[in-house]
Each structure stands twice: as C-alpha cells, then as structure tokens.
Amino acid sequence: MNNKILRHNTSDIILHWFNALCWFLLLITGLGVLGNHQINPLGKWFPAMMESLCGGAECLLTVHEIIGLVWISAFLLYLLLNFRASMNFLREIFTIHPRRDLVWLLKKPLQLTIGNKAMRRLGLNTELPPQGFYNVGQKAFAQPAVILGLIIAVTGIIMFLSDKVLAEEQTVLVIWSIGIHYVAVGLVTAGLAIHIFMAAINIEERPAFYSMFSGYVPVEHVKYHNPLWYEEIIQEEQSLPDSGTSRTQEATGVQEQSTADKI
Ligand code: HEM
C-alpha cells in the first residue's frame, strides 16, 4: 500500500457503482417502456423484447418505477448520512477557475486526438494547467449529471404519481415531465459515453479507474494529474501538530482518511 493516497472511501465507491448499476437497469427498462417508437433510439424490437422478458408492459413499467424509487431513496439516505462529504463533493465539482479551466478544456481534447507531438509541431505548449481533486473535464460531466439527475428524479416522481394522486388539471405537468425526463436522460447518457471512455478506457486515467475499486491512487499519479490536490494534502500535513513525523505517504505509507474526507 506504500506511496498511495486515499481518493474514494468505501461508501463513495459503493454509491458510485450502485448508481452505475441503477443507471444501466433504468436505461434498459426505460427504453423498454418508451412506447413511441419514433423517438426510441432502439426502435420497435427492443420494447417488444423487454416486454416479453418481463411478462408484459405493465410489469416492465413497475420494474422501472421500483428501480427508480430505490435509486432516489439510496441517494437521499446517502445525503442524510454523509451530508458533509456530499456538500464537499458539490463544492468541489461546482468550483471552476474560468481562465485556467478553459485552457485545459481546449488543450486536453487536442492531446487526446492529435497528440503532443503534433501539438508541438503546431507551436502549442503541451503542458496542461494544474488541476485539483477533479479536473475540469470531470467537472463538466459531474455538474450536469447532478443537476439532470435531480430533474430526472423529480419528473420521474411526478409521472409515478400521475395516475395515483394527481388530479386531471395536472395533466400538463405530467406531459412536460415526460418530455423533460426523456431529454435529461438523453443528455446524461451522451455525457456517460465520454465519462466511461475517459474513466475506464483511457490508459492515462487507469490508476483513477482502479481507485474506484480500491479507494487508493498512486502518489505519482496525483502529483501529475491533480497537482493542486497534492499541494492541499501537503499543506494539510504540514499544518498538523505532529507534522515532524511526516504523514506524506511517499515516506510512510497511506494517506490518512481525514485528508481525503476533506475533498
Ligand atoms: C460503467 C460505468 C462507469 C464507469 C466505468 C465509471 C467510472 C468512474 C471512475 C473511475 C470514477 C473516478 C474518477 C476519479 O477518481 O478521478 C468515476 C467518477 C464519477 N462517476 Fe462514474 N463510472 C461509470 C458510471 C457512472 C454513471 C452511470 C454516473 C452517473 C450518471 C457516473 C457519475 C460519476 C461522477 C459524477 C463521478 C465524479 C466525477 C468524475 O470523475 O467525473 N458514473 N466514475
């Protein structure tokens, strides 16, 4: 475990993979209940297959609703139990540094597509502006994922309640909810394609991918990819009363949980 820093604690890891599983199940059941074939990206065959697998359209809708309610409840429970960590996460992803982050957003896609060599040939400096716990590319996915996730949950609840407690005159609200729910899911799914590529397929980010299982990330990776976070860790170490015995893990082992909790 030497030379590693705690990046994600166990509850965050469980929540992330639980969320990913729910998203997968909600997507396939959601595409299964999408009756209008003209806007179903998978056409007619997919709803037909899902309905026959589930024993009918009504049952499929019930499964979709149950998974949705479990997904929402788990997030509410997590928020209640980990309020401080949740606020820290929100503060982290919604903090941006426009100039620095814009340069990063312009350079990173160039690095990934044409590569450093071609960038240098074009006279471009290949060094990326330093980033904190999350880079701005991750934030650009996390921000809409959180906001649209909230919208998906609220519109989902309105649709769920539509035939149970809502009155006739609330039909317009339900119709809007259906449209907004569909568009919000589409937007997050488009972002997910990039998120999964960057997090799980891109070799450079492999240590961060493994950290979503083990919790830990190598110090060298943090120094290179998240230098501002690394600086925060060092500063925190130095401000601790017993900093004489360095807790910086290059020397002694694993980063204390308290530091990672702060992020
Ligand atoms: C197979 C599916 C998925 C994989 C492989 C994956 C992978 C990862 C990894 C490795 C991280 C940690 C990155 C780091 O520590 O730097 C992460 C973070 C995150 N994931 Fe996922 N994820 C998946 C699905 C999802 C889904 C479905 C959502 C939500 C709709 C989601 C939302 C997030 C958010 C908000 C973060 C924090 C910010 C970020 O790193 O972008 N992930 N994911």
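# A tour of the helices and the ligand shell

Helices H1 and H2 are roughly perpendicular to each other, because their angle falls between 65 and 115 degrees. This is a predicted model.

**Stop 1: H1 and H2.** Select residues 10-33 for H1 and residues 45-54 for H2. Their packing angle is about 105°. The two axes lie 7 Å apart. Now pick out the residues that touch. On H1 they are Ile28, Thr29, Leu31 and Gly32. On H2 they are Phe46, Pro47, Met50 and Glu51. What classes of residue make up this contact of H1 with H2? Five are nonpolar, two are polar and one is charged.

**Stop 2: the ligand.** Keep H1 in view and select the ligand. Around the ligand sit 20 residues. Show Ala20, Trp23, Gln138, Ala199 and Ala208, which are the closest. Next, colour the helices that build the shell. At least two shell residues come from each of H1, H7 (136-162), H8 (171-201) and H9 (206-214). Which helix gives the largest share of the shell around the ligand? That is H8, with six residues. By class, the shell has 14 nonpolar residues, five polar and one charged.

**Stop 3: H7 and H8.** Two of the shell helices also pack on each other. Select H7 and H8 together: they meet at an angle of about 150°, and their axes are 8 Å apart. An angle over 145 degrees counts as roughly antiparallel, so H7 is roughly antiparallel to H8. Turn the view to look across the pair. The crossing of H7 and H8 is left-handed. Their contact holds 18 nonpolar and nine polar residues, and no charged ones.

**Stop 4: H5.** Move to residues 98-113, which form helix H5. Then step past the end of the helix. Gly115 follows H5, and its phi is positive, near 90°.

Conventions: Residues numbered from 1 in each chain as written. Predicted model: local features only at pLDDT ≥ 70, side-chain atom pairs only at ≥ 80, totals over all residues. Axes fitted to C-alpha atoms, helices over the stretch in contact; angles between N-to-C directions. Helix = DSSP H or I, 4+ residues; strand = E, 2+ residues; numbered from the N terminus. Parallel < 35°, antiparallel > 145°, perpendicular 65-115°, else oblique. Contact = placed C-beta atoms within 7 Å. Nonpolar A, V, L, I, M, F, W, Y, C, P; charged D, E, K, R; others polar. Near = placed C-beta within 6 Å. Expected span 1.5 Å × (residues − 1). Left-handed = near helix turned anticlockwise from the far one by under 90°.
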